[in-house]
Amino acid sequence: MFKVINFFLVVLIPFSLSSNENIRKSRLFIENLGEQVINEVANSNISDTQREKNFSKLYNKAFDNNYISKFVLGRYWSKIDIKTQQEFTRSFQAYLVKVYAPKFKGWKGEFKTTNSKFSNNMYVVNMNLVSENISSLSLDWRLYVSKNNIFKILDVNIDGVSMLVTQRAEFASVIKNHPKGVLGLIEQMKKK
C-alpha cells in the first residue's frame with residue numbers, strides 16, 4: 001500500500017504542479033500579449049506601416065496560423081494542392097493584419113485576465129477587455145503549449161462567439177459563391 005501511495009505522489013504531483021504552473025503562465029502570456037498590443041500596435045505615434053509590421057510580428061509569435069488557416073478553410077483545405085494551401089496561409093495572415101491592425105490605432109484600454117483553466121487539451125484564459133470607447137467585452141482565449149514549450153493561440157471567443165467559426169462561415173460562403181472557389185477567396189483577401 002505504501003508503494004502505491006509513493007508512486008502516485010511521485011508521478012501525479014509533478015504533473016499537477018506543472019499543469020498549475022502552465023495555467024498561471026497562460027494568463028501571463030495573454031496579459032503580456034495585451035500589453036504588447038497596447039504599446040506596439042495601438043500607439044498613435046507610429047506609422048500605419050509600422051503598426052502593421054508590429055501586429056504581424058505579434059500574430060506570428062502568438063497565434064498558430066497554420067492550424068487557424070486549416071480550420072477556417074474547413075473541408076476545402078484537403079481539396080487544394082500544397083502550393084495553394086501555402087498561398088492561402090500567407091494571404092490569410094496578410095488579410096488579418098490589414099483588417100485588424102488599423103482597429104487598434106489609438107485604442108486605450110486594458111486586457112485584464114480573470115481566470116484560466118485547462119480543459120479539452122487546451123488552456124482557456126478568460127479576460128475582460130475594458131476600454132473608454134466600448135463597454136466591457138468578455139474574451140476567452142484558447143491556447144496550447146507547443147513542442148518548443150511556447151504558448152500558441154488557436155481561437156478567441158468574443159462574448160461567446162468563436163472567431164474561427166465565424167471566419168469559417170464567411171469564407172465558406174465566398175468560396176461557394178465565387179466561380180474560382182478558394183482561388184477566388186485568395187484574390188478577394190489580397191484586394192482587401
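Predicted model: local features only at pLDDT ≥ 70, side-chain atom pairs only at ≥ 80, totals over all residues.
Colleague: Why is the contact of glutamate 21 with arginine 24 called a salt bridge?

Modeller: A salt bridge requires a side-chain nitrogen of Lys or Arg within 4 Å of a carboxyl oxygen of Asp or Glu. The closest N and O atoms of glutamate 21 and arginine 24 are 2.6 Å apart, and the pair is one of the 6 salt bridges in the structure. Both residues belong to helix H1 (residues 2-40), where they are 3 residues apart, about one turn of the helix; helices here are DSSP runs of H or I with at least four residues, strands are runs of E with at least two, and both are numbered from the N terminus.

Colleague: How do you know whether glutamate 21 is buried, exposed or partly exposed?

Modeller: Buried means under 20% relative accessible area and exposed means over 50%, with partly exposed in between, using a 1.4 Å probe and protein chains only. Glutamate 21 has 31% relative accessibility, so it counts as partly exposed, and arginine 24, at 42%, is partly exposed as well.

Colleague: What does the salt bridge between lysine 105 and aspartate 48 tie together?

Modeller: The side chains of lysine 105 and aspartate 48 meet at 3.6 Å, N to O. Lysine 105 lies in the loop between helix H4 (82-100) and strand S1 (109-119), while aspartate 48 is in helix H2 (residues 48-62), so the pair ties together parts that are 57 residues apart in sequence.

Colleague: Which parts does the salt bridge of lysine 98 with glutamate 52 connect?

Modeller: The closest N and O atoms of lysine 98 and glutamate 52 are 3.0 Å apart. Because lysine 98 lies in helix H4 and glutamate 52 in helix H2, this pair ties together parts that are 46 residues apart in sequence.

Colleague: What makes S1 and S2 a pair of strands?

Modeller: Two strands pair if DSSP finds at least two bridges between them. S1 and S2 run antiparallel and are joined by 10 bridges, with lysine 117 opposite valine 124 in S2. S2 and S3 are also antiparallel, with 7 bridges, and S4 (residues 151-158) pairs with S5 over 2 bridges.

Colleague: Why is strand S2 described as largely enclosed?

Modeller: Of the 10 residues of strand S2 (residues 122-131), 8 are buried, so the strand is largely enclosed by the rest of the structure.

Colleague: What makes a group of residues a nonpolar core?

Modeller: A nonpolar core is a set of buried Ala, Val, Leu, Ile, Met, Phe, Trp, Tyr and Cys residues joined through side-chain atoms within 4.5 Å. The largest one has 44 residues, and Leu73, Phe88 and Trp141 are among those with the most contacts inside it. In soluble globular proteins, nonpolar side chains tend to be buried together.

Notes
Residues numbered from 1 in each chain as written. Heavy atoms only, no water.
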